[in-house]
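User: I am new to this kind of file and would like to learn how to read it one feature at a time. Please give me the general idea before each case.

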Amino acid sequence: MSPEHRYAWTGATLLGALAIPPLRSALEASMSLHMLVQIPLLAAAGALLARALPARALAFLAACNERGIPGIVLALGISSYWMIPRALDAVLASGTAELLKFVSLPLLVGLPLALSWPRLGPIAKGFVAANWIPMLAVVGWLYLESPVRLCNYYLVDQQVAAGNLLVKLSILLAALWLATLFWRPALWTGAAATR
Amino acid sequence: MRLAAATLLALALCAGVLWAGTDGLSAFTTEQARRLAIARHPAAVPAALLEDGTGRSFRLDEYRGTAVAVEFIYTRCRTLCAVMGSGFERLQGELEQSGDELRLLSVSFDPEHDTPAALADYARRYRADAARWRIARVADRSELAALLATFGVVVIPDALGEFQHNGAIHLLDREGRLARILDLDASAAELRAHLANL
């Protein structure tokens, strides 16, 4: 099996597994699992699928995605939407919203992120990290400090737990970001993705 | 040039999603969204069969002709519903003083525990005057689900055998439509102002 096929299979299997109703409801039963496991995994499935795209599709997307900037803007904007309490509630109340989540996170977040990140220049990478990582902390802090329950479908203690984890995740990501100043994995520099 | 066009397109798509998903950046939570939707488009509510603490049954549409403020409770609740109970007690006093005709109705979403006796006990606890304020349960499970869905009330059981639910004052206009959803601490004067603006 070629690496492309392996990526395609892994991405499609991940997406299929996340869509299985028992796993889907288990991951959505808790706000933390929903935000910090299911949503990132959906994006990861899209990132894997990006690696499996045929050369012609990659060339076309690369032409539209100069320096990776339009793609990263798309990924950041759509991922921000899925942090809004109302968006989390909506997928529990409506099948259409659920479908939109399963389509938009792989195709409009994971895929453009995987195609764009390696192409961003160091300043653009720094800009993205310096905005997106604190955004996680701010969202987490809002969830922690909100005087009211923000999601009608989640308990207050789940909101607090999710907020807590979001803040911790942002600290972890900030530490990793600092670490890359000294150590650069291949994915970071784009050596692996600019095939 | 192409970079600028593609970036603008991506920005426009994201802005469109955020705009549509938050009603023009005005509703970031389901609670804000339902209040906004009801204020824009008052909704017809089902004529659910209710049963009060005296065991008497009546339908929600019997209030037609009089405006009524509705809230959803369960009587074992010691947190949010206690705020709602004393809030309605305060409103009852204000309405009495101003001679308003607005009625109050507390609807229990826990028919198993909230027997007529439990409802009567809740009425005593908050000194509810039956002519102004009734406390009732929805006996039929399927009617209850439809009623909660129309009002946008989500009830989830928690680990302690109690419930978490969104609390608000739901204002039904004289035609029996759900016309406004307001904060729990709204005063009689605020309710009156909203009713006058319908």
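Predicted model: local features only at pLDDT ≥ 70, side-chain atom pairs only at ≥ 80, totals over all residues.

User: Where is Leu25(B) found, and what is its phi?

Analyst: Most residues other than glycine have a negative phi. Leu25(B) is not a glycine, yet its phi is positive, at about 60°, and its place is the loop between α1 and α2 of chain B. Helices (H or I, at least four residues) and strands (E, at least two) are DSSP runs, numbered from the N terminus. The loop between α1 (2-21) and α2 (30-40) of chain B also holds Asp23(B), a residue other than glycine with a positive phi near 50°. Asp23(B) counts as partly exposed because its relative accessibility is 27%.

User: How many helices and strands does chain B have, and how is the chain divided?

Analyst: There are six helices and ten strands in chain B, and its C-alpha trace spans about 75 × 40 × 25 Å along the principal axes. The chain is divided into domain 1 (2-33) and domain 2 (42-196), where the bounds come from an automatic or database domain assignment. Taken over C-alpha atoms, the centres of domain 1 and domain 2 of chain B are 37 Å apart. Of the 198 residues of chain B, 49% count as buried.

User: How should I read a strand such as β5(B), and with which strands does it pair?

Analyst: In a regular strand the side chains alternate between the two faces of the sheet. Strand β5 of chain B covers residues 103-108, and five of these six residues are buried. Two strands pair if DSSP finds at least two bridges between them. On that basis β5(B) pairs in the parallel sense with strand β4 (residues 68-73) of chain B over six bridges, and Leu104(B) is the bridge partner of Ala69(B). With strand β6 (residues 133-138) of chain B, β5(B) pairs in the parallel sense over five bridges, and here Leu105(B) stands opposite Arg134(B).

User: How many aromatic pairs does the structure hold?

Analyst: A pair of aromatic rings is described by the distance of the centres and the angle of the planes. Rings of Phe, Tyr and Trp (its six-membered ring) pair if their centres lie within 6.5 Å, and planes under 30 degrees apart count as stacked, over 60 as edge-to-face and the rest as tilted. Over all chains there are eight aromatic pairs. One of them joins Tyr81(A) and Trp82(A), edge-to-face, at 5.0 Å centre to centre with 75° between the planes. Tyr81(A) is buried, with a relative accessible area of 15%, and Trp82(A) counts as buried at 5% relative accessibility. The rings of Tyr74(B) and Phe163(B) also have their centres 5.0 Å apart, and their planes are at 85°, so that pair is edge-to-face. This pair links distant parts of the chain, 89 residues apart, with Tyr74(B) in the loop between β4 and α3 of chain B and Phe163(B) in strand β8 (residues 163-165) of chain B.

User: Are Tyr74(B) and Phe163(B) buried or exposed?

Analyst: Tyr74(B) counts as buried because its relative accessibility is 1%, and Phe163(B) is buried with a relative accessible area of 18%. Ring pairs link Tyr74(B), Phe109(B) and Phe163(B) into a cluster.

Definitions and conventions:
Residues numbered from 1 in each chain as written. Chains lettered and ligands numbered in written order. Heavy atoms only, no water. Buried < 20%, exposed > 50% of the residue type's maximum accessible area, 1.4 Å probe, protein only.
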